[in-house]
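User: I would like to go through some features of a protein model and learn how to read them.

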Amino acid sequence: MTDTVAPAPRTAVDFWFDPSCPWAWMTSRWIDEVSAHRDLDVTFHIMSLAVLNEDNDVSDEYRANFARMLRYTRLVTAVGELHGQSHVKPLYDALGTRIHPGGETDADVVIPAALAEVGLPADLARYADSDEYDEQMRASHFDGIERVGQDVGTPVIAVNGTAFFGPVISPAPKGDEAARLWDGVVAVASYPGFFEIKRTRTVGPIFD
């Protein structure tokens, strides 16, 4: 009788994102790269910078973006509820590619094009302007943010239940460098007494 070795379990990763956030987009590209080098089981969840900051003292210019930001989070939530979790990441990719490297600022252009790309019905666009799934959207948001506290933003990542904000990176590393950064971030975050590491950003999001 030959002994069989059970495969190592995949690492459970939860990733909370706001489609409008360029920094979350950068981190999500890194996670995609890491997934090619580490056995990750990644689940993407919506969160909302508009919800996070709705009661905060933010500039009028930033607050003016809330309506557009909510349209994307509402759409992603509705798609997840109506068509299943498996559609969340492809829709995020389609939206984010247009919003971030594509530089498209008109949600009325982004939304139908993204839905068409992933093969979802065009009439789902109406949910971008509906609060029908706001309860679920807010529940997802607070599920992520309550793991790390109110004084952070997006993305939030949880690895086997240990959650942290970030990392904020630019550009997203590739290959072995991406995997090494992942190993380091997970190691640091796994220490119960670790809370913060930070330095001033010297570059904006570098899309490639």
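User: Is the crossing of helix 5 and helix 6 left-handed or right-handed?

Analyst: A note first: this is a predicted model. The crossing of helix 5 with helix 6 is right-handed.

User: Which residues of helix 5 and helix 6 meet?

Analyst: From helix 5, the residues are Leu91, Ala94, Leu95, Arg98 and Ile99. Their counterparts in helix 6 are Val110, Ile111, Ala113, Ala114, Leu115 and Glu117. By class, the contact of helix 5 with helix 6 has 9 nonpolar residues, no polar ones and 2 charged ones.

User: At what angle do the axes of helix 4 and helix 5 cross?

Analyst: The axes of helix 4 (residues 66-83) and helix 5 cross at roughly 155° and come within 9 Å. Angles over 145 degrees count as roughly antiparallel, so helix 4 is roughly antiparallel to helix 5. The crossing of helix 4 and helix 5 is right-handed. In this contact, Tyr72, Leu75, Val76, Val79 and Gly80 of helix 4 meet Val88, Leu91, Leu95 and Ile99 of helix 5. These residues divide into 8 nonpolar, 1 polar and no charged.

User: How many aromatic pairs does the structure hold?

Analyst: In general, a pair of aromatic rings is described by the distance of the centres and the angle of the planes. This structure holds 8 aromatic pairs. One of them joins Tyr62 and Phe66, with 5.5 Å from centre to centre and 85° between the planes, an edge-to-face arrangement. Tyr62 is partly exposed at 27% relative accessibility, while Phe66 is buried at 9%.

User: How are the rings of Tyr127 and Tyr133 arranged?

Analyst: Their centres are 5.7 Å apart and their planes stand at 55°, so the pair is tilted. Tyr127 is buried, with a relative accessible area of 9%. Tyr133 is also buried, at 14%.

User: Which residues do ring pairs link into a cluster?

Analyst: Phe15, Phe17, Trp25, Phe44 and Tyr92 are linked into a cluster by ring pairs. Leaving aside residues up to four places away in sequence, Ser28 touches Phe15, Phe44 and Tyr92.

User: Where is Ser28 placed, and is Ser28 buried or exposed?

Analyst: Ser28 sits in helix 1, which spans residues 22-35. With a relative accessible area of 0%, Ser28 is buried.

User: What about the backbone: which residues does a cis peptide bond join?

Analyst: Most residues other than glycine have a negative phi, and most peptide bonds are trans. Here, a cis peptide bond joins Gly166 and Pro167, with omega at about 0°. Another cis peptide bond joins Ser170 and Pro171, with omega at about -5°. Pro167 lies in the loop between strand 4 (162-165) and helix 8 (175-189). Pro171 is likewise found in the loop between strand 4 and helix 8.

User: Which residue has a positive phi although it is not a glycine, and where is Asn160 found?

Analyst: Asn160 has a positive phi of about 50°. Asn160 belongs to the loop between strand 3 (156-159) and strand 4. At 56% relative accessibility, Asn160 counts as exposed.

Methods: Residues numbered from 1 in each chain as written. Predicted model: local features only at pLDDT ≥ 70, side-chain atom pairs only at ≥ 80, totals over all residues. Heavy atoms only, no water. Left-handed = near helix turned anticlockwise from the far one by under 90°. Helix = DSSP H or I, 4+ residues; strand = E, 2+ residues; numbered from the N terminus. Contact = heavy atoms within 4.5 Å. Nonpolar A, V, L, I, M, F, W, Y, C, P; charged D, E, K, R; others polar. Phe/Tyr/Trp six-rings, centres within 6.5 Å; stacked < 30°, edge-to-face > 60°. Buried < 20%, exposed > 50% of the residue type's maximum accessible area, 1.4 Å probe, protein only. Axes fitted to C-alpha atoms, helices over the stretch in contact; angles between N-to-C directions. Parallel < 35°, antiparallel > 145°, perpendicular 65-115°, else oblique.
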